[in-house]
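Dear colleague,

Please find below the structure that I am handing over to you.

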Protein chains: 2
Amino acid sequence: VASRTSGAPERASHLRHPRELAALKARLAEIADLGAIGALLQWDQSAMMPPAGAPARGHHAATLEKVLHERLTHPELARLLDAVEPWAAGLDPDSDDARLVRTTRRDAEKARRVPAELAAEIAEAGALGEQAWLRAREADDFSLFRDALAHHLELRHRYAACFDVEHPYDALLDDFEPGMTTARLRPLFEELRAALVPLVAAVADPDAPDTPAALRGDFPVERQRAAMVELATPIGFDERAFRLDPAPHPFAMGVALRDVRLTTRYEPGDLSPALYSVLHELGHGLYEAGAAPALDRTPLATPASLGVHESQSRLWENVIGRSRAFCGWMLPILARHFPGPLGAMDAEKLFRSVNAVRPSAIRIFADETTYNLHVVLRFELEVALMEGALAVDDLPAAWDDGMLRLLGVEVPGPAHGLLQDIHWGAGMIGYFPTYTLGNLIAAQLWERLRQDLPDVEEQLARGAFAEVLGWMREHIHRHGRKFEPAELVRRSTGTDVRVAPFLDYLRSRLDDAGLLGRTSAPSST
Amino acid sequence: VASRTSGAPERASHLRHPRELAALKARLAEIADLGAIGALLQWDQSAMMPPAGAPARGHHAATLEKVLHERLTHPELARLLDAVEPWAAGLDPDSDDARLVRTTRRDAEKARRVPAELAAEIAEAGALGEQAWLRAREADDFSLFRDALAHHLELRHRYAACFDVEHPYDALLDDFEPGMTTARLRPLFEELRAALVPLVAAVADPDAPDTPAALRGDFPVERQRAAMVELATPIGFDERAFRLDPAPHPFAMGVALRDVRLTTRYEPGDLSPALYSVLHELGHGLYEAGAAPALDRTPLATPASLGVHESQSRLWENVIGRSRAFCGWMLPILARHFPGPLGAMDAEKLFRSVNAVRPSAIRIFADETTYNLHVVLRFELEVALMEGALAVDDLPAAWDDGMLRLLGVEVPGPAHGLLQDIHWGAGMIGYFPTYTLGNLIAAQLWERLRQDLPDVEEQLARGAFAEVLGWMREHIHRHGRKFEPAELVRRSTGTDVRVAPFLDYLRSRLDDAGLLGRTSAPSST
């Protein structure tokens, strides 16, 4: 058994596993189980629960959260961690056990630093804020949400004060993207903005519809699921280990490595919501399912961050799902299910249609070219609010001004402006940047993958996805949370997160779809 | 604050609520929440979970069970209970608070008496035994399950030894029917057997099909749910607070008072599995939903026992669901959904068909007349096994002999004999009697209800169920677990559980359906 006062790491590495390691892992397995139960509760609440069950579910979730917090801050966990750390310091720093101890220390330290009362206040403000946000969005009136947002900001400042951070926003980012800082994000987002604003102005088609014209038509809802399953199965969907259910706001939830729940939304007159949300959520789901079995029931079995998570969903939704090769493969399958609208469709037309560019007020309807500008705006406003450079009362004007400046879009009102997303309603500040990080990481991974699999386009064209998935499993999925996201990106792509691969990818896609040659200036600038 | 050494109860009753009461209730609310989460996990496992999720779910359920056990045996809970008991002793003994303290003491005492290691051994043996039972049933070979059953019995003896009971079987019964004893059950079951064996011999129709002939035909599965919801809604089903999903083995689960999950089974060629399982599970679900809101998130909010639970399901399935009045009401509704098989059906024919009597080897297919003899046999064998009067190796012969003696049925093999039910597989000994208690209590409640609502048949005939449900809410549902089952039966019906009301009800139903006049001796005797 390693002693807390044992000597140098070199010596400790020769010791056998300390007795405390097994006890620590047993406690961590229970914490992982409770986390999995929490995921199931969330899935059920969003996809299954009868509406009248909501108040009781609030109690169930709060109690589970309390039990989890108690276990993560339990003195015995701290004692076991103290006991194994000297031993772990002598291990290969990349070994599962060394990383397990390091990540557990990080989680326990974060849990310990936030007083239970503040955590409870934040949870309560989240629920109340969501209700105020709903009412405000309904009434298209920001003043109904103003106080809730001001309260969120005050709580977030108190939260940030629990940590030693350079910038208060860093403490918020860390909950979604461990290790990410404001200082590292700023230049990335500035570079993106500088490149995207003129690109959007150059290629936008103000006449393009909100969703791809090629996928509009008569798509009976009761026949969409079978088509989606036929597309998803060769990618990795498997009814033995996955579910696919309808939900108003599509999401994916991993309950266990072999129990992954996807949801999607079916529209009778438009196949694109189901198609692209299934590809997106499948990307998330495959990541949830892909951790190495050796990490199961440890804190390392879950994804590294929301940014890395989003890289997987955007890869399948956009990089692959809107590629010419993939469009060519999926069209005959979709046409067999929907001969009416798609029987005479041309693959090239479908490819161009799913890559149309049109600035709009709503982020979730945004194409790949305009999408990140929605995120840039939110990031700039969040940082300004946290710094006090922007007052809550000035937020609506700053929003509308930003939308005009970045995208040339006139916002019709707050419901279609700063009230469109639930995130601020629930108090989630620092979340939005992970969407753009996901887009950047996806392009960076794709760049590297194409070097390793030079014939990948040809594979996609014939519906062979095993090597792509295998590459992601090998470089991303199997590691779970073993590496911090920045380290994982360096290990898998050779560099830190960068903007260039995304811009290269985007320009090449736009060029391919015949959009870069456009000469007429878009009317919205 | 009441002191632990305070004087007589009369004095204590004048004290204000002790400070510890609120703290005790807060702990109990969390225990209730964890129980609700456990119910959701079970529902999901049986109705939703992808099959490959099973091993992980085993871990999740075991961890949740451990957290629950820790909370129920926590020293602080014991301290709070000690602190409030002197005060509670001065309360009206029928008050919610007095019953809350009494029931909590009972629950905590039961949890305390069973060592955690034995509880874990029993849980593990349950999972392993279920697998052995599945293999044995598959192979139609009892020898594959023999050792698992012997192990269950040994564990159950160790479990019973944790309690001061007259008969070891009493400790097992108490888990399903609190307060019930072998000594009280024996005369009830003897009386039933003495009456039913000759009755079955007199009225059985060996040519009757397994399920009602009137409900066989072409019933497309995708159209059955809408018909079931139309029948269930006037009874009390409400999509805002209930779900109805398909599951291979129908069940009902209460997650919260306003979150109740029903499941059913759809057969394309037979409407009766869906119809009668929906009525059955709806009866369970209405009980789960019916506790007084004041009891919510306390240990009193759940049903009193499995026997009382079954009284509610059997009431709607059989007493009401197979009555002439109900058949007359439901036939036009069902005929509208299924004009093919039911458009020309006669209500009297339907009524007779759903009340046919035919002894069969399988309990879950049994009609109301033969059903309880299946339970009598299981009860007699369980008691003999626990007493050591019957050896495990002699069980198959005893089963086959009992089926012949009680029902005149030749058992084709163990898969259709002693291996037909999951209960023994999972180690649940002492559970079966609650089915018959449910039938007896249902008839007893119905007898009393008819005195209070003399025009109930006329109400049923026009689909007016509010007064019946209101009566059950008032006399049974709202009390939750506040009263022990025997006390609840006495309060609601005026007497202890008796056999006579059931026999009166059954004879009257058989007579009504034209079966008591039958003169030809059944061929199976």
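The following paragraphs set out how the structure was treated and what was found in it.

This is a predicted model, in which local features need pLDDT of at least 70 and side-chain atom pairs count only at pLDDT 80 or more, while totals for chains, interfaces and linings use all residues. Residues are numbered from 1 along each chain as its sequence is written, chains are lettered from A and ligands numbered from 1 in the order in which they are written, and side-chain values use heavy atoms, with hydrogens and water left out.

I begin with the two chains.

Next come two pairs of helices (DSSP runs of H or I, at least four residues, numbered from the N terminus). In chain A, the axes of helix H6 (residues 116-139) and helix H7 (residues 143-160) come within 8 Å and cross at roughly 155 degrees (axes are lines fitted to C-alpha atoms over the stretch in contact, with angles from 0 to 180 degrees between N-to-C directions). H6(A) is therefore roughly antiparallel to H7(A) (an angle over 145 degrees). Contact (heavy atoms within 4.5 Å) is made by residues including A:Gly126 and A:Trp133 of H6(A) and A:His151 and A:Tyr159 of H7(A).

The axes of helix H2 (residues 19-47) and helix H5 (residues 96-113), both of chain A, come within 12 Å and cross at roughly 60 degrees.

Finally, some individual residues. A:Cys162 counts as buried because its relative accessibility is 15%, and B:Cys162 counts as buried at 16% (buried means under 20% relative accessible area, exposed over 50%, partly exposed in between, with a 1.4 Å probe and protein chains only). Over all chains, the structure holds zero disulfides (pairs of cysteine sulfur atoms within 2.5 Å). A:Pro412 lies in the loop between helix H17 (395-407) and helix H18 (422-425) of chain A, and counts as exposed at 63% relative accessibility.

Yours sincerely

How values were computed:
Angles under 35 degrees count as roughly parallel, over 145 as roughly antiparallel, 65 to 115 as roughly perpendicular and the rest as oblique.
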